Amino acid sequence: MSETLTASGLTFGYDEKERPVFANLSLSIDRGRAVLLMGPSGCGKSSLALCLAGLYPEYAGRLSGAVAVGDERADLRDLSPPERVKRVGLLFQNPDDQFCMGRVDHEIMFALENVNYRGDIRSRTREALALCGVPELETASLATLSAGQKQKAALAAALAPEPSFLIADEPLANVDPESGRPLAARLKFLVEERGLGLLIVDHNPGPWRDVAHRVLLMDENGRLTADIPMTEMERHRELFDGLGISTGAAFVPRRPPAPLRPGGPTLTIENLSVRRGRKETLNLSLSLPFGTLTALTGPNGGGKTTFLWALAGLLKTGGRLDTGGRLVGLVFQDPACQFLTTNVLDEIALSLKADRKNDSRAALETQALALLDEFGLADKIHLSPYQLSQGQRRRLAVLTILAGGREILLLDEPTYAQDERSTRFVMELLAERTRRGATVVMATHDPPLADAYAHRVIRLENGRVASDKNTVANP
């Protein structure tokens with residue numbers, strides 16, 4: 001009998017008074033095999049990942065059914081935390097949620113110490129970092145890393161104890177494509193050569209076509225509705241379309257971006273610089289016409305987030321920045337950093353109030369409800385923003401900026417953790433705002449998406465412009 005990770009009849013919910021996130025769910029993953037789990041944003045994929053890794057229900061929610069691992073079918077809830085981590089590792093969707101230490105090597109060594117690793121801890125730390133393609137981050141402060149670099153450091157920490165199974169929740173969401181391909185190849189090596197059992201949660205099957213053997217589809221009610229060989233995905237396109245998730249096809253906008261109109265007013269950036277200590281991490285000069293959508297691409301650590309923060313006035317900068325008196329709004333890469341209230345309805349009402357100071361509370365709530373319904377969040381109004389899935393949090397964060405009447409919209413990975421349907425919705429909404437005169441600057445690791453929706457695509461490397469191309473012609 002091969003070693004497996006098996007879930008049998010799982011029913012999980014956060015509150016016994018509410019409908020379970022999923023009910024009577026069963027699946028199995030063999031060692032030496034990789035499985036891709038896909039489904040709409042908010043359907044319960046991340047909750048399932050936390051159950052399979054043994055964190056739920058120990059830290060949240062109520063779970064019935066069993067999760068067993070190994071030839072002896074040991075129940076995860078009967079294992080001590082060190083034993084559990086050696087059996088099943090977990091890469092969180094948001095890497096900041098799993099960090100305990102301040103430095104990369106300390107984080108990995110902390111993970112090894114907690115499983116009583118018997119070998120050379122320093123040597124194993126370096127092996128894990130090399131495996132994830134980031135040996136240069138060994139002594140780096142986690143606080144100084146880009147989101148993609150954090151993702152790789154977190155993966156190194158999860159792999160260092162050499163678990164039999166790894167649950168990876170959106171492992172490439174914050175990683176640039178150039179780094180993502182070798183990272184996927186390394187995971188494939190661990191599956192095929194080291195016998196790792198791998199469950200990948202992702203909205204994009206593209207990087208996993210040569211890695212995963214099966215794809216499981218979860219519907220909006222948390223039910224597993226299909227188990228398809230990876231090689232037969234295209235034959236079942238109607239199942240993916242029905243769930244609003246992608247088979248990996250390129251994004252095609254409903255309407256192409258309007259042509260650029262030269263000579264109009266611009267967002268002017270002259271020698272905009274940011275320094276960290278003695279090192280200059282950003283120095284840019286750009287002229288971005290108002291009423292356009294600009295996409296920022298490039299490798300992790302290239303300066304995309306730093307540039308957005310500088311435009312938003314959150315960093316001390318040199319040079320000149322002229323916004324033409326227009327109001328600026330920023331959606332953070334981690335939207336949890338910007339929420340201000342304890343429930344979803346209040347979050348939008350507060351944003352609306354900034355633009356509609358004379359409206360009554362009842363009027364603000366009516367407008368907020370209409371917007372939340374448009375964004376597919378009307379059934380979440382009484383929840384805390386922190387109870388939403390990562391994809392739902394991101395939609396809420398985008399909505400707070402749109403509701404606030406900002407004319408320059410800065411968005412850091414606005415489609416991260418979004419299914420295809422939600423991605424299209426957000427991008428079409430941003431495109432429509434540019435047609436009405438708003439200026440959008442967004443960072444993304446999705447080049448096809450950038451080419452489909454942006455007027456300009458600017459690639460940043462080492463805090464400088466590496467390339468700058470118009471994707472639409474002048475009229």
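Me: Two strands are taken as paired if DSSP finds at least two bridges between them; helices (H or I, at least four residues) and strands (E, at least two) are DSSP runs, numbered from the N terminus. Which residue in β17 is the bridge partner of Ala295?

Reply: This is a predicted model, in which local features need pLDDT of at least 70, side-chain atom pairs count only at pLDDT 80 or more, and totals for chains, interfaces and linings use all residues. Residues are numbered from 1 along each chain as its sequence is written, and side-chain values use heavy atoms, with hydrogens and water left out. Strand β13 (residues 293-297) runs parallel to strand β17 (residues 439-443), and four bridges join them. In β17, the bridge partner of Ala295 is Met442.

Me: Which strands stand at the edges of the open sheet of six strands?

Reply: The strand order is β15-β16-β17-β13-β18-β19, and the pairing is mixed. An edge strand has a single partner strand, so one side of it is left without a neighbour in the sheet. That applies to β15 (328-331) and β19 (464-470).

Me: What does the twist average from one strand to the next?

Reply: The six strands of this open sheet have mixed pairing. From one strand to the next, the twist averages 15°.

Me: What angle does the direction of helix α11 make with that of β15?

Reply: Angles here run from 0 to 180 degrees between N-to-C directions, and axes are lines fitted to C-alpha atoms, for helices over the stretch in contact. Helix α8 (residues 304-311) packs on the sheet and touches β13, β15, β16 (408-412), β17 and β18 (456-461), with its direction at about 150° to that of β16. Helix α11 (residues 390-403) touches β15 and β16, where contact means heavy atoms within 4.5 Å. Its direction relative to that of β15 is about 175°.

Me: Is Thr439 buried or exposed?

Reply: Thr439 lies in strand β17, and its side chain reaches the backbone nitrogen of Gly291 at 3.1 Å. Buried means under 20% relative accessible area, exposed over 50%, and partly exposed in between (1.4 Å probe, protein chains only). At 1% relative accessibility, Thr439 is therefore buried.

Me: At what distance does a polar contact join the side chains of His203 and Lys45?

Reply: His203 lies in the loop between β8 (197-201) and β9 (214-218), and counts as buried because its relative accessibility is 10%. A polar contact is a pair of N or O atoms within 3.5 Å; within protein, one must be able to donate a hydrogen and the other to accept it, and residues adjacent in sequence count only if both atoms are side-chain atoms. The side chain of His203 also has a polar atom 3.4 Å from the backbone oxygen of Gly39. For the side chains of His203 and Lys45, the polar contact is 3.4 Å.

Me: In the open sheet of four strands, which residue in β4 stands opposite Phe12?

Reply: This sheet has the order β2-β1-β4-β5 with antiparallel pairing, and its edge strands are β2 (22-30) and β5 (74-75). Strand β1 (residues 4-13) pairs with strand β4 (residues 62-69) over seven bridges.
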